[in-house]
Amino acid sequence: MTVAAPPPSLTLSADQARRIALRAQGLLGSPDRRAGVRGVLRHLGAVQLDTISVLARSHELVPYARLGAVGRPAVEQAYWGGGTSFEYWSHAACVLPVEEWPLFAFRRRAYRDRGRLWDHRVSESAYRAVLDRLRAEGPLTSTELGGAKRTAEWWDWSEGKIAVERALAFGDVVCTERRGWKRVYALAEQAVPAELFEQDPDDRSCLLRLVGQAGQALGVATRADLADYHRLKTNQLDSVLAESGLVPVAVAGWGADGGEGPAWADPQALAAEQLAGRECHRTTLLSPFDSLIWDRARTERIFGMSHRLEAYTPKSRRVHGYFAMPLLAAGRLIGRVDPAREGRVLVARQVSLHGRSQLPALARALREAASWVGCTEVRVEALHDEALRPDLVRLLAD
């Protein structure tokens, strides 16, 4: 059932909504470099993880897009150093600020009520054995706990791997560290700060705070946007939306979105838009998993770009490339780059751009990305309009 909301008292233009979304995501205005990567994580509330690594892994690309060429070791340390974050199921598998540990109690309880993880089953003795081993030996990787082996078609999880993943879902175990991209599992009671571990908010309290946090991270959003941020069910969202502190607004051109009703905005985001003067825009390549654009419907609604990850699309059917990264400049998505690396060369396998006037922004983004990953040269392979190549080559050389 759709949440009942008072009529919107404010109508935003499409440009206002776009600016609000960019500002809320840390891509409009001067970044708080003092807060660093941890500040980006706390602000966004969730950074999606993914195994694909082309230019860099997605969780590295998110703070890079906002802060510029922050050192990659500093990114890893910020996520998996000092117990300041943990991994859990949010929008997908995400790294989350450790302060959000209590907020996912509702999801941990839901997994416990189901009694199993996905379709994997494990004996209680194996489950207890994993916990006992972590208690005796301290944090361990999945390989050390039994890991998984490659079969002809897929990865076959060992009983120890199933047990520890179940314990992760239930909240008996937590991942606050990775070694060589392998999760390191520890007992939650030992790894989560006591003042957070001991909190056990009820489901309603969890949902209320998560919806409010999603609203702050999005700035302005439909109900579907808000639910999708932490993958809440519609009835969960609707049970707390009216009390979340978000206010209903109308956005020109957004429509009802299939019966979604009004948009909802963070009051602080509205105030910031009213007070905003001239602000700095980031020019950068965005990971397809960046929270600014991870929702395809929202991306099309706000930026007019229909974008999808084509990594799992057969090569012959790809339009923009394996890991095409949207190019953000002046607050708009103006093209795409499918990147790769060959030694010290950043290769733009495929580039599309919305016009010659966007060439300086493209060159700037490519040069900065190359420098960030330790490349000294940029090579552009396929360019959607070859007439642009001479000017692009000149700009890249400047």
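Colleague: Why does Leu359 count as buried?

Modeller: Leu359 has a relative accessibility of 2%. Buried means under 20% relative accessible area, exposed means over 50%, and partly exposed is in between (1.4 Å probe, protein chains only). Since 2% is under 20%, Leu359 counts as buried. Keep in mind that this is a predicted model, where local features need pLDDT of at least 70 and side-chain atom pairs count only at pLDDT 80 or more, while totals for chains, interfaces and linings use all residues. Residues are numbered from 1 along each chain as its sequence is written, and side-chain values use heavy atoms, with hydrogens and water left out.

Colleague: Where is the place of Leu359, and which residues is Leu359 in contact with, leaving aside its neighbours within four places in sequence?

Modeller: Leu359 belongs to helix H15, residues 359-372; helices (H or I, at least four residues) and strands (E, at least two) are DSSP runs numbered from the N terminus. Once neighbours within four places are set aside, Leu359 is in contact with Leu353, Leu388, Asp391, Leu392 and Leu395. Contact here means heavy atoms within 4.5 Å. As for Glu386, 27 residues away from Leu359 in sequence, the C-alpha atoms of the two are 12 Å apart.

Colleague: How do you know that there are zero disulfides?

Modeller: A disulfide is a pair of cysteine sulfur atoms within 2.5 Å. For the sulfur of Cys94, the closest cysteine sulfur is in Cys175, 13 Å away, which is too far for a bond. Seen from Cys175, the closest cysteine sulfur is the one in Cys94, again 13 Å away. So the search of the whole structure finds zero disulfides.

Colleague: Are Cys94 and Cys175 buried or exposed?

Modeller: Cys94 is buried, with a relative accessible area of 1%. Cys175 counts as buried as well, at 0%.

Colleague: What makes Arg183 and Glu87 a salt bridge?

Modeller: Their closest N and O atoms are 3.1 Å apart. A salt bridge is a side-chain nitrogen of Lys or Arg within 4 Å of a carboxyl oxygen of Asp or Glu, so this pair passes at 3.1 Å. Arg183 lies in strand E9 (residues 182-187) and Glu87 in strand E3 (residues 85-89), so the pair ties together parts that are 96 residues apart in sequence. Both Arg183 and Glu87 are buried.

Colleague: Why do the side chains of Arg112 and Asp172 count as a salt bridge?

Modeller: They meet at 2.6 Å, N to O, and 2.6 Å is within the 4 Å limit. Arg112 is in helix H5 (residues 105-114), while Asp172 is in the loop between helix H7 (159-170) and strand E8 (173-179), so parts 60 residues apart in sequence are tied together. Arg112 is partly exposed, with a relative accessible area of 39%, and Asp172 is partly exposed at 23%.

Colleague: What joins Arg179 and Glu177?

Modeller: A salt bridge joins them, with the closest N and O atoms 3.4 Å apart. Arg179, at 39% relative accessible area, is partly exposed, and so is Glu177, at 28%. Elsewhere, salt bridges that share partners join Glu87, Lys161, Glu165, Arg178 and Arg183 into one network. The whole structure holds 31 salt bridges.

Colleague: What makes the link between Asp238 and Arg223 a polar contact?

Modeller: Their side chains are joined at 2.9 Å. A polar contact is a pair of N or O atoms within 3.5 Å; within protein, one must be able to donate a hydrogen and the other to accept it, and residues adjacent in sequence count only if both atoms are side-chain atoms. Asp238 sits in helix H12 (residues 234-240) and counts as buried at 12%.

Colleague: Which domains is the protein divided into?

Modeller: Domain 1 covers 1-276 and domain 2 covers 284-397, with bounds from an automatic or database domain assignment. The contact takes 35 residues from domain 1 and 33 residues from domain 2.

Colleague: How many salt bridges are counted between domain 1 and domain 2?

Modeller: The count is four salt bridges. Elements that each supply at least two residues of the side of domain 1 touching domain 2 are helix H1 (14-24), helix H3 (58-67), strand E10 (220-221) and helix H11 (223-229). H3 gives the most, with seven residues.
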